[in-house]
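I'm jotting down what I look up as I go.

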Amino acid sequence: MIDVSRKLNRHSGTHILPQLSQRSFGVGRRCGLEPLESRRLLALAVTGVQLNGTEWTEETRAYFADNGLGDGAFSIGDAGQQSIPVGLGGANQIWVTFSEPLNTTNLQGALQIDGAENSYQITGFEYDAATRTAQWTLVEPLGIDFLTIGLDASQVRNTRGDMLDGEWTNGESSFPSGDGANGGDFSFRINVLPGDTNRDGRVNLTDFTALKDSFGGAQPGIAGDVNGDTVVDLNDFNGLKTNFGREIDPGSTLLSAFDLGVLTEQRQLVNEVGPRVFGGDDRIDVYKFTLLDHQSITATLSDRTDSIRFWLVHDRSANGILDPNETLEFNRSGNNSNIQVAEDLVPGTYYLQVVSGWDDSYTDSRTSYTLTLAGQPIEVTNPSDPGSSLATATDLSVLNDVVTRVDVVGASDRVDVYRFTLANHQSVTATLSGRTEDSRFWLVHDRNSNGILDPNETLEFNRSGNSSNIQVAEDLVPGTYYLQIASGWDDSYTDSSTRYTLTLAGQPIEVTNPSDPGSSLATATDLSVLNGVVTRVDVVGGSDRIDVYRFTLANHQSVTATLSDRTEDSRLWLVHDRNSNGILDPNETLEFNRSGNSSNIQVAEDLVPGTYYLQIASGWDDSYTDSSTRYTLTLAGQPIEVTNPSDPGSGFAVATDLGILNGVISRVDVVGGSDPVDVYRFSVTGSLAITATLAERTEDIRLWLVQDTNGNRRFDNGEARQFNRSGNSSNVQVTDELGTGVYYLWVASGWDDSYTDSSTKYTLTLSGVAQLAALEAAFADLETLE
């Protein structure tokens, strides 16, 4: 039975395990005793782990108690406190406290100790039933090491025979151990670094200064007292000197990573990775560091002797696991050359993972290495990080001059979005320069104002996989626009990270329209009566995807409309609103043209007097409507000299009368648009061979020779004597032999009635030769041949 009174025999080198109270393991939840008071444990669990040194003084132990570090021994914290190293030397006992009384059978052999630097042997065991604490004594004190203690659940049982509920995740779990069910080994990591007086994981000048300031005096605990004997003397100096420059070996997961803290200066660590000399496995070392500002980070592995791999990682899912899309940069080498990973990073927490071997199939190489981590501050110009959506974009205000921003995108900040406003028409150019990684660049108009980048809202997109500049440029109308910058070549590779310099500039566009043209036939801008050449300069696209102009012809004209000075895809319609409903219906387009490059776009048509429209739209088609471009519209008309005193009628009853055909009759007119049919009437006396020809056409046209056989003044089936048409510029002709009577020539625009809105001038020539004269001419030809 262990004496539960607190005793100390400094001369004999032995220390008797003291009576442990409910505050034995430090403060609050860290050691697991307070939760035991508030909830019932369902299974036998570990509630605390402590280290003890038999040479530590009573004053040192009192220091532990007064500072919440444990009563009687030094408590190892849980969760985020577990990785903090023990900076005191001389620890040669491991104490483990349980939630229930134990059956001590086989308990001495239940503890296994796996050290990374050393091997350890157990020389003694005691159990204090009053505090439910088991104590294992080691042959030699713990030196610099990160060790794992393990308890075999089958050998640790309560008095009822239930096995230990020992499941534990290092760096994450809190006391008590387990998942609430009996059975589960306990595996617990402890970091020991004698001389680390401030417990920051390294023995350096800070620790030496603490020792120097306390030298020669009494300083219990770890503030300069390296060996725990209360006196700060040469023994402490020698202990710190031996370990000077050393650091704790890191864990093998993101959760158990060795925390380098906030990176404010270059850090250098010397370590080894690979199978341990004394057995076990140390194939992975993981370091964690934090940035409080934007920095260009370079991490280098040097002084290697074997193959090694190196990752720079951002745990974007915060699950403590290196997932496939969380590697910012990776490198490896099979020889002794240096390995480096480098990236521009935003503030946040990052990890460096070092793994032995060229790949996972070659895991038995072991190498020492020197890790050097350095950061160079990046002077960003944004007062705060740009938002990551259109709704939270950083406002650059009204664009009146060149705007420059320097920032970093990637890792925990994969998207930066800026908003700017144009008060006038401008040619806008945005450039990303100074990059080090893949990135993407959007110029956006949020046309539905929902704060989301929808598929048809990208005015221009560009990306680059190298360090060359990325540029988006567009001619824009007044309104609000966005620039979105994203890391990576595409969404499947989102964790590259890079600095960038954004330069946004605008060049005013002098438009000629007093106000923006309307976007429908009903709201079209009126160019009035066309009497010469009309020119307009404007911008179409973005928030103004359609511009519509209206013009009027007082006479027949050959009209040409041209779009020039364009920078993006655009479309051009010449329209006749035949049903006057203010909407462009399918059969109202006289001519249409478009272009996907900077060449001019032109529509041309011969037109009758009336009202017409020019519609200009951005994009190649309606599926891509958010390109935007300036344009110069030039509208010109050339008068057509028609020979008819008035427009020919469009039916039998109103047909233009050409009189009795006796020779050649010629007429020049225009058909199409608001006048899709011209009808001529002529009379024949006697017997004539007639020919009717349509020449000088520019569009599809049709020609009928008709006789109103039933006299109802309607063009009925079976009344067409001859018909012809042409889809090109060749002449259209009909011929027939006619007797005395009244006949009609129908001229109609278009190839057929489904396409009735082409329009063209034409020259109609009608000739008739009497049959007798024709025969006489034929006989004369024969006589000539004889």
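With which residue does Asp360 form a salt bridge? I find Arg309, with the closest N and O atoms 3.0 Å apart. My cut-off for a salt bridge is a side-chain nitrogen of Lys or Arg within 4 Å of a carboxyl oxygen of Asp or Glu.

Ground rules before I go on. This is a predicted model, where local features need pLDDT of at least 70 and side-chain atom pairs count only at pLDDT 80 or more, while totals for chains, interfaces and linings use all residues. Residues are numbered from 1 along each chain as its sequence is written, and side-chain values use heavy atoms, with hydrogens and water left out.

**Entry: Asp360 and Arg309**

I checked where the two partners sit. Asp360 is in the loop between β21 (348–356) and β22 (367–377), Arg309 is in strand β18 (residues 308–313), and the pair links distant parts of the chain, 51 residues apart. I take helices (H or I, at least four residues) and strands (E, at least two) as DSSP runs, numbered from the N terminus. Asp360 counts as exposed at 59% relative accessibility, whereas Arg309 counts as buried at 5%. For the record, buried means under 20% relative accessible area, exposed over 50%, and partly exposed in between (1.4 Å probe, protein chains only).

**Entry: the overall picture**

I counted five helices and 49 strands in the protein. Of its 786 residues, 52% are buried. I also looked at contacts (heavy atoms within 4.5 Å). Among those with a separation of 6 or more, 75% are between residues 24 or more positions apart. The protein exposes about 33,000 Å², and carbon and sulfur atoms supply 47% of that. Those areas come from the Shrake-Rupley method with a 1.4 Å probe; for residues, only the protein chains shown count as cover.

**Entry: other salt bridges**

The search of the whole structure gave me 14 salt bridges. One of them joins Asp344 and Arg499, with closest N and O atoms 3.2 Å apart. Asp344 is in strand β20 (residues 339–345) and Arg499 in strand β31 (residues 497–508), so this pair ties together parts 155 residues apart in sequence. Asp344 is buried at 2% relative accessible area, and Arg499 is partly exposed at 28%.

I then turned to Arg571, which forms a salt bridge with Asp622, the closest N and O atoms being 3.1 Å apart. Arg571 lies in strand β36 (residues 570–575) and Asp622 in the loop between β39 and β40 (628–639), so parts that are 51 residues apart in sequence are tied together. Arg571 counts as buried at 6% relative accessibility, while Asp622 counts as exposed at 61%.

**Entry: Ala617**

Arg571 turned up again here. Ala617 sits in strand β39 (residues 610–618) and is buried, with a relative accessible area of 3%. Which residues is Ala617 in contact with, leaving aside neighbours within four places in sequence? I get Val540, Arg545, Ile546, Ser570, Arg571 and Trp573. I also checked Ser627, ten residues from Ala617 along the chain: their C-alpha atoms are separated by 9.5 Å.

**Entry: Asp454**

Asp454 is in the loop between β27 (439–444) and β28 (458–464). Asp454 is buried yet has no salt bridge, and the nearest side chain of opposite charge, Arg447, is 8.1 Å away. I count Lys and Arg as positive and Asp and Glu as negative, with His and the chain ends not counted. What I do find is a polar contact of 2.8 Å between the side chains of Asp454 and Asn448. That term means a pair of N or O atoms within 3.5 Å; within protein, one must be able to donate a hydrogen and the other to accept it, and residues adjacent in sequence count only if both atoms are side-chain atoms.

Most residues other than glycine have a negative phi, and most peptide bonds are trans. I logged the peptide bond from Phe175 to Pro176 as cis, with omega near 0°. Pro176 is in the loop between β11 (157–158) and β12 (186–192).

Asp303 has a positive phi, near 60°. Asp303 is in the loop between β17 (295–302) and β18 and is exposed, at 52% relative accessible area. Arg713 also has a positive phi, near 60°. I place Arg713 in the loop between β45 (701–706) and β46 (720–726), exposed at 55% relative accessible area.
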